[in-house]
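We will go from stop to stop, selecting as we go.

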Amino acid sequence: MHKASNISVKNRRAFFDYELTDFFVAGIQLFGTEIKAIREGKAGLSDSYCIFINNELWVKNMHIAEYSFGTFANHEARRERKLLLTKRELAKLVRATKETGFTIIPTKLFVNEKGLAKLEIAVARGKKSYDKRQTLKEKEDKRQMDRASKKSI
(Lines give C-alpha, C1' and ligand atoms only; values in the text may rest on other atoms or scores of the structure.)
Protein backbone atom coordinates (compact mmCIF):
# COMPACT_ATOMS: atom_id res chain seq x y z
CA MET A 1 0.00 0.00 0.00
CA HIS A 2 2.43 2.69 1.23
CA LYS A 3 6.17 2.42 1.17
CA ALA A 4 8.05 2.62 4.46
CA SER A 5 9.14 6.19 5.03
CA ASN A 6 12.14 7.51 6.88
CA ILE A 7 10.27 10.36 8.57
CA SER A 8 11.16 10.41 12.22
CA VAL A 9 11.07 13.35 14.63
CA LYS A 10 12.89 12.75 17.93
CA ASN A 11 12.68 14.55 21.24
CA ARG A 12 16.40 14.67 22.03
CA ARG A 13 15.86 16.83 25.09
CA ALA A 14 13.78 14.07 26.71
CA PHE A 15 16.72 11.64 26.74
CA PHE A 16 18.88 14.26 28.47
CA ASP A 17 16.35 15.64 30.99
CA TYR A 18 14.54 12.43 31.95
CA GLU A 19 15.26 8.87 32.97
CA LEU A 20 12.98 6.88 30.65
CA THR A 21 11.53 3.57 31.85
CA ASP A 22 8.57 2.11 29.91
CA PHE A 23 7.96 2.79 26.22
CA PHE A 24 4.63 2.60 24.36
CA VAL A 25 3.65 3.25 20.74
CA ALA A 26 0.40 5.16 20.33
CA GLY A 27 -1.63 6.28 17.37
CA ILE A 28 -2.58 9.94 17.05
CA GLN A 29 -5.94 11.40 16.10
CA LEU A 30 -5.08 13.93 13.36
CA PHE A 31 -6.71 16.17 10.78
CA GLY A 32 -5.92 15.74 7.07
CA THR A 33 -3.50 18.64 6.81
CA GLU A 34 -1.63 17.50 9.94
CA ILE A 35 -0.58 14.15 8.49
CA LYS A 36 0.55 15.89 5.30
CA ALA A 37 2.72 18.28 7.34
CA ILE A 38 4.20 15.35 9.31
CA ARG A 39 5.06 13.57 6.05
CA GLU A 40 6.93 16.74 5.05
CA GLY A 41 8.85 16.45 8.36
CA LYS A 42 7.50 19.69 9.81
CA ALA A 43 6.81 18.66 13.40
CA GLY A 44 8.47 19.21 16.76
CA LEU A 45 8.26 17.44 20.11
CA SER A 46 10.26 19.80 22.33
CA ASP A 47 8.35 20.94 25.43
CA SER A 48 5.51 18.50 24.73
CA TYR A 49 3.97 16.26 27.37
CA CYS A 50 1.02 13.92 27.86
CA ILE A 51 -1.87 14.33 30.27
CA PHE A 52 -5.00 12.36 31.17
CA ILE A 53 -8.35 14.07 30.58
CA ASN A 54 -11.50 12.01 31.26
CA ASN A 55 -9.57 8.69 31.17
CA GLU A 56 -8.13 9.56 27.73
CA LEU A 57 -4.51 10.39 27.03
CA TRP A 58 -3.83 13.69 25.25
CA VAL A 59 -0.55 15.15 24.04
CA LYS A 60 -0.15 18.87 24.69
CA ASN A 61 2.18 21.43 23.18
CA MET A 62 3.23 19.24 20.23
CA HIS A 63 4.01 21.47 17.25
CA ILE A 64 2.92 20.45 13.76
CA ALA A 65 3.50 23.30 11.31
CA GLU A 66 0.68 24.38 9.07
CA TYR A 67 0.57 22.56 5.74
CA SER A 68 2.05 24.75 3.01
CA PHE A 69 -0.69 23.91 0.47
CA GLY A 70 -3.50 24.08 3.04
CA THR A 71 -6.48 26.35 2.59
CA PHE A 72 -8.85 27.93 5.09
CA ALA A 73 -9.28 24.43 6.57
CA ASN A 74 -5.68 24.30 7.83
CA HIS A 75 -5.07 23.15 11.41
CA GLU A 76 -3.75 24.95 14.50
CA ALA A 77 -0.05 24.32 15.05
CA ARG A 78 -0.15 23.59 18.81
CA ARG A 79 -3.55 22.06 19.51
CA GLU A 80 -4.18 19.14 21.88
CA ARG A 81 -4.20 15.78 20.12
CA LYS A 82 -5.75 12.57 21.40
CA LEU A 83 -3.53 9.49 21.65
CA LEU A 84 -4.99 6.11 20.74
CA LEU A 85 -4.03 3.27 23.10
CA THR A 86 -5.69 0.12 24.38
CA LYS A 87 -7.47 0.11 27.74
CA ARG A 88 -4.77 -2.12 29.20
CA GLU A 89 -2.01 0.28 28.14
CA LEU A 90 -3.96 3.26 29.48
CA ALA A 91 -4.41 1.50 32.83
CA LYS A 92 -0.64 0.86 33.02
CA LEU A 93 0.08 4.50 32.30
CA VAL A 94 -2.42 5.69 34.91
CA ARG A 95 -0.77 3.47 37.54
CA ALA A 96 2.68 4.71 36.56
CA THR A 97 1.74 8.38 36.76
CA LYS A 98 0.09 7.97 40.17
CA GLU A 99 3.57 7.37 41.60
CA THR A 100 5.29 10.60 42.55
CA GLY A 101 7.84 12.00 40.17
CA PHE A 102 6.68 10.15 37.05
CA THR A 103 5.28 11.75 33.92
CA ILE A 104 4.59 10.75 30.32
CA ILE A 105 6.84 12.26 27.65
CA PRO A 106 6.67 11.86 23.84
CA THR A 107 10.05 10.64 22.57
CA LYS A 108 9.58 9.97 18.86
CA LEU A 109 7.07 10.75 16.10
CA PHE A 110 7.20 8.57 13.00
CA VAL A 111 5.16 7.32 10.05
CA ASN A 112 4.84 3.52 9.90
CA GLU A 113 4.82 1.28 6.83
CA LYS A 114 1.04 1.68 6.45
CA GLY A 115 1.40 5.46 6.26
CA LEU A 116 -0.05 6.14 9.73
CA ALA A 117 1.50 8.59 12.16
CA LYS A 118 2.61 7.00 15.43
CA LEU A 119 3.97 8.56 18.61
CA GLU A 120 6.38 6.72 20.89
CA ILE A 121 5.80 7.78 24.49
CA ALA A 122 7.72 6.92 27.63
CA VAL A 123 7.10 6.95 31.34
CA ALA A 124 9.80 9.25 32.68
CA ARG A 125 11.29 10.56 35.90
CA GLY A 126 13.17 13.86 35.92
CA LYS A 127 16.94 13.72 36.36
CA LYS A 128 18.86 15.78 38.88
CA SER A 129 21.67 18.03 37.66
CA TYR A 130 24.38 15.60 38.83
CA ASP A 131 22.70 12.81 36.83
CA LYS A 132 22.84 15.01 33.72
CA ARG A 133 26.55 15.64 34.27
CA GLN A 134 27.12 11.90 34.61
CA THR A 135 25.25 11.29 31.34
CA LEU A 136 27.41 13.88 29.55
CA LYS A 137 30.58 12.30 30.97
CA GLU A 138 29.54 8.81 29.80
CA LYS A 139 28.77 10.16 26.31
CA GLU A 140 32.17 11.88 26.09
CA ASP A 141 33.97 8.73 27.29
CA LYS A 142 32.18 6.62 24.69
CA ARG A 143 33.08 9.14 21.97
CA GLN A 144 36.76 9.05 22.97
CA MET A 145 36.81 5.23 22.99
CA ASP A 146 35.24 5.18 19.50
CA ARG A 147 37.86 7.65 18.22
CA ALA A 148 40.68 5.60 19.74
CA SER A 149 39.38 2.38 18.19
CA LYS A 150 39.11 4.02 14.74
CA LYS A 151 42.71 5.26 14.94
CA SER A 152 44.04 1.83 15.88
CA ILE A 153 42.35 0.13 12.91
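**Charges over rings**

Start with Lys108: its charged end sits over the ring of Phe110, 5.5 Å from the ring centre. (A charge sits over a ring if NZ of Lys or CZ of Arg is within 6 Å of the ring centre and within 35 degrees of the ring normal.) Next, select Arg79, which lies over the face of Phe31 at 4.1 Å from the ring centre.

A note before moving on. This is a predicted model, where local features need pLDDT of at least 70, side-chain atom pairs count only at pLDDT 80 or more, and totals for chains, interfaces and linings use all residues. Residues are numbered from 1 along each chain as its sequence is written, and side-chain values use heavy atoms, with hydrogens and water left out.

**Lys127**

Select Lys127, in the loop between strand S9 (117–126) and helix H4 (129–152). (Helices are DSSP runs of H or I, at least four residues; strands are runs of E, at least two; both are numbered from the N terminus.) Which residues does Lys127 touch, not counting those up to four places away in sequence? They are Phe15, Phe16, Asp17, Tyr18, Glu19, Lys132 and Thr135. (Contact means heavy atoms within 4.5 Å.)

**Two positive phi values**

Most residues other than glycine have a negative phi. Select Asn55, in the loop between strand S4 (49–53) and strand S5 (56–60). Its phi is positive, near 60°. Then go to Asn61, between S5 and strand S6 (63–64). Here phi is near 70°, again positive.
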